[in-house]
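Student: Could you take a close look at one part of this structure with me? I would like to go through its charged side chains.

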2 protein chains.
Amino acid sequence: MENIPYKIYLTEEEMPRAWYNLRADMKNNPAPLLNPATLQPVTAADLEPVFCRELVKQELDNDTPYFEIPEEIRNFYRMYRPSPLVRAYCLEKELGTPAKIYYKFEGNNTSGSHKLNSAIAQAYYAKQQGLKGVTTETGAGQWGTALSMACAYLGLDCKVYMVKVSYEQKPHRREVMRTYGANVTPSPSNTTAVGRKILEEFPETTGSLGCAISEAVEAATTREGYRYVLGSVLNQVLLHQSVIGLESKIALDKYGVKPDIIIGCAGGGSNLGGLIAPFMREKLRGEADYRFIAVEPASCPSLTRGKYIYDFCDTGKVCPLAKMYTLGNGFIPSPNHAGGLRYHGMSSVLSQLYDDGLMEARSVEQTKVFEAAELFARSEGILPAPESSHAIKVAIDEAMKAKEEGKETTILFGLTGTGYFDMKAYAQFHDGTMTDYIPTDEDIAGGLATAPQIDK
Amino acid sequence: MENIPYKIYLTEEEMPRAWYNLRADMKNNPAPLLNPATLQPVTAADLEPVFCRELVKQELDNDTPYFEIPEEIRNFYRMYRPSPLVRAYCLEKELGTPAKIYYKFEGNNTSGSHKLNSAIAQAYYAKQQGLKGVTTETGAGQWGTALSMACAYLGLDCKVYMVKVSYEQKPHRREVMRTYGANVTPSPSNTTAVGRKILEEFPETTGSLGCAISEAVEAATTREGYRYVLGSVLNQVLLHQSVIGLESKIALDKYGVKPDIIIGCAGGGSNLGGLIAPFMREKLRGEADYRFIAVEPASCPSLTRGKYIYDFCDTGKVCPLAKMYTLGNGFIPSPNHAGGLRYHGMSSVLSQLYDDGLMEARSVEQTKVFEAAELFARSEGILPAPESSHAIKVAIDEAMKAKEEGKETTILFGLTGTGYFDMKAYAQFHDGTMTDYIPTDEDIAGGLATAPQIDK
C-alpha cells in the first residue's frame, strides 16, 4: 500500500473558485456557431432570445481563461462537491496490473451524474436575469434530473421534454424529476408546433434527443420569461464542467501524481471536456504531455466515424448550426443501444482538439462495456452508469496493456455517474439478451444526408 | 455562515479502528436470547450452527467495550467511508430555524444505505472461517444488496430470500443483487420446508420478513459450509454499525459541536443503535447528556405500542427467542406501508435502553414522512429513502419547535440511505394515492397472540 488514500477529498478552501475556459488556450478555436438563416457566425443578439445573457457571453468568449464561480453556485457545489478522486486499489488488484488507476467519481449526488455542475450554473444565471423558468430536453434522464434539482433549489420553474422511449421505460427517473417539482412531457408531444409536425410525419416515433431539443427551444422562445438550457455540447457547458478536471488536478498535485493517460466517455462531450480541461491546458502550453482518449459507443460513433462538418444540432433545425464531428442530424442510434451517449454530434471544442490530433478516440461495443461495468462494480463497489462504463472499459484495456508491457502507467478516468436507473439494461446483459450494433456506412451516410452543405 | 463546512469528512487516519460495544457500559444488559427448545439462555454451541464463530462471540459478549476492526474490513470501509457528516445549512435556511441541523449521510454507496457496514463484517468472518457462502433475507432490498456487494468482494456465495412482494415490486433491486452475483429467491418459496409449509397454509401470501428469515436460516443450516447472517436487530449488527456514531462523534468533536438531540429511524434498530452508541456511552457514564429519539412508522410501532416481552424473531419459530419491544411475530404491517421499518420487533439493546428511560420514541405517519422527504430533497439535494425520512420528519419537527422557542438547539440525525429504488412510493405520494394506516389495538393484540408466554 502506498501513501495515497483510497479517496482524495479536497477541503472546501481547496475547491476551485473559477471555471477554466479551454478555448482561451486553443491555437485553433472551435468553429463559431452559425445563424441558420444567414449562415453567418451567431451574434449575442441572435442567441439571447434562446439563452440567458450571461450564458451567451460565456458561449461566445474564446479569450477569457477563467470565469469566477459565483458564491451562490459555490455554496450549491458544497452540498455535493468536492467529488472524490478515487484510487482504484481494488480494481488494480483484481486486474493484477502494475498500472495505477484513478477515477473522478461524479455520481454521488441525486442526479446521479456530473450534469448537476452545469445545471446549477445555468439555472443560477436564469434566476439572476429575473426569468420565471427554463426548458430543456433529456434522454436517459440525468440532465433533466440535475436541472430539476437546481431549479427546485432556486425556485425556478422547470419544463423538461423527455425522449418518449425513455419517458416510458424510465418512469422512476421521471418521478425523481417530479419530486423536484419539474414538469415532464414525453417528446415528441403536441404541446409544440415542431412536435406536432414530427408526430404527423412519424406517428410511431419514440423520439430522439434532436427532436426533444427542438421542442424545448420552441417552448422557451414562445413563452414570456423562459430560456432554453442544454446539458452538453455547448462551450458554456464544458466551461462549467471544468470543475471536474480542476478538482482532479488539485487532488493529484497534492500527492505529486501525474497521469499518463486521461480517459472519458463522450456523448456530447460535457464530461470529457470538463475532465481534460486543465490537463489539456498544460499540453497546449507545452508544459506537460498527456494522452487523452475519448470513448464512444460503437453504435453512435461520431468522432471515430462521423464527418467534421457544419450540421444542425436538432431535428427541427431551429438551433444554430455547429461545426462538429457528426453522424448527421438524421442519425438515430439503433433501439438496442442502452443509456445515453446517443447524440449525433460532438462538442465543437472537442471536435477541434480531435481534428488537431491532440486527442485520440475509440469506440466500444456495449456488451463489452457491461462486462467492464460488472467487473468494476464487483471490485470497486460502485454500480456504474452505462455511459461511464465506456471509460471503464478502455481504462481496463489500458491497464491490461500496461500489465503486458510491465509498465506502471498512471491512468485517470472519469466515472460520470451511477447506474441505478439503468437496471433494465443490466438485466438484459445478465439474461444474455443484450446485443451489439455497429451502424453500416450506409446508415451513417443516411444520417448525413440531411446535413447542410456549407463550405467552411 | 459559520466556520463549519457543509460536509465534514474524516481523513483515513481519523477513521475508527475499533467498533464500540454499547453493552459494556449498560447498567442493565439486554436480556439474553433463549434457546426455543429449552427456554434457557443460548450458548455459543447453540448458535454456532447458525452464525459464524466470531460473530457468535460478538453476539454474546456484553463486557468487551471495543472490538478491533480487522484490516481487510477497514480497507473495504475506505472504499465508501468515511461517510460525510453534513451541516444542513440549506434546510435550516428553508425552515428559518435557529436550530443547527447535522446529518450523518450513509447513502453514498451502491447498497444505498448503512447496511454495508455490517454486511462486510459478517461476510469477512464467514470467509475467515473458511465457509462457502452465507444466506439471508431482505425486505426492501438494502440489506440484500449490501450483502451481495460484500460477498462479491470476498468471493463468497450469497443466497438471498427476498420478501415476495418486494421481489415483484422491486425488480431493479433484485437486478443490482444479480450484478453482484447473488442468488435471489422470492419468499416464501418451495426451496425450503418452512417455505413449503407456509405456502400450503397461506398460498396467497406475499411474504414477510419473519418468513424470509425462517427460510434463510433453514437454507444455511441444511447446507454444508453456509451460515446465516442478519442485517439488523442482533447485538453484533449494532456493534458493527457503531462506526456510524463513532465517525459522527469524531467529526463533531473536531469542531467542538455537541448535539442536544440525536434522532434516528428505527426498524430493527441497526442504524439507530449504531448512531447513538458513543453518545449513549457518555450518557451512561454520566459524562454528558443527550436526548435520543427513535422514530418508527405509525403503521409498525413496536416501541411506542408494542409489549416488552420474549417473542419469536421469525415466523417459522426456528430462531432463538429475544426479549424486545414487539408487536408479536404474527404482526404484518398493512400493505399500504411503503419501504422498510416493517419488522415486528426491536433490537434487545434498544428495547432495554428505552425501557430504562434512556431514550424516547415517537411514531409518525407516512404521508407526513414523505412531505418531509420532499422538502428535504428540494433543499438539501439528496433524495432520501422512506426509512431515513422518518428521522427527517422528527428532525424538522424539533427544528420548528426550536424556532418557536427561539432556541439554537443542535440536532443530529441519521440519514441512512437514498430512495432511488422507492420511486413507486414517491409516485403514490405525488399522485395523492398514498394513505396512512394506524393499526387498531385489536390488530396488535392479534399479532401478539402467537407470542410465547414466558415469565422473564
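Is A:D289 buried or exposed?

Tutor: Happy to look at that with you, keeping in mind that this is a predicted model. A:D289 counts as exposed, because its relative accessibility is 52% and the cut-off for exposed is over 50%. Its side chain meets that of A:K283 in a salt bridge, with 3.4 Å from N to O. Chain B has a corresponding entry: B:K283 and B:D289 form a salt bridge, and their closest N and O atoms are 3.4 Å apart. B:D289 is exposed as well, at a relative accessible area of 52%. On chain A there is also a network to look at, in which A:D25, A:R281, A:R285 and A:E287 are joined by salt bridges that share partners.

Now for a pair in another setting. A:K249 and A:E282 form a salt bridge, with 3.2 Å between the closest N and O atoms. This pair links distant parts of the chain, as A:K249 belongs to helix α11 (residues 235–254) of chain A and A:E282 to helix α12 (residues 270–284) of chain A, 33 residues apart. A:K249 is buried, since its relative accessible area is 13%, and buried means under 20%. A:E282 is buried too, with a relative accessible area of 14%. As a general point, side chains of opposite charge can pair when their charged atoms come close. A search of the whole structure finds 50 salt bridges over all chains.

Another lysine to visit is A:K159, placed in strand β7 (residues 157–163) of chain A. A:K159 counts as buried, at 14% relative accessibility. Setting aside neighbours within four places in sequence, A:K159 is in contact with A:V134, A:T135, A:T136, A:N183, A:R223 and A:Y226.

Strand β11 (residues 291–297) of chain B runs parallel to β14(B), and 5 bridges join the two. Within this part of the sheet, B:E296 stands opposite B:S363 in β14(B). In general, strands of a sheet pair through backbone hydrogen bonds, either parallel or antiparallel.

Methods. Residues are numbered from 1 along each chain as its sequence is written. Chains are lettered from A and ligands numbered from 1 in the order in which they are written. This is a predicted model: local features need pLDDT of at least 70, side-chain atom pairs count only at pLDDT 80 or more; totals for chains, interfaces and linings use all residues. Side-chain values use heavy atoms; hydrogens and water are left out. A salt bridge is a side-chain nitrogen of Lys or Arg within 4 Å of a carboxyl oxygen of Asp or Glu. Helices (H or I, at least four residues) and strands (E, at least two) are DSSP runs, numbered from the N terminus. Buried means under 20% relative accessible area, exposed over 50%, partly exposed in between (1.4 Å probe, protein chains only). Contact means heavy atoms within 4.5 Å. Two strands pair if DSSP finds at least two bridges between them.
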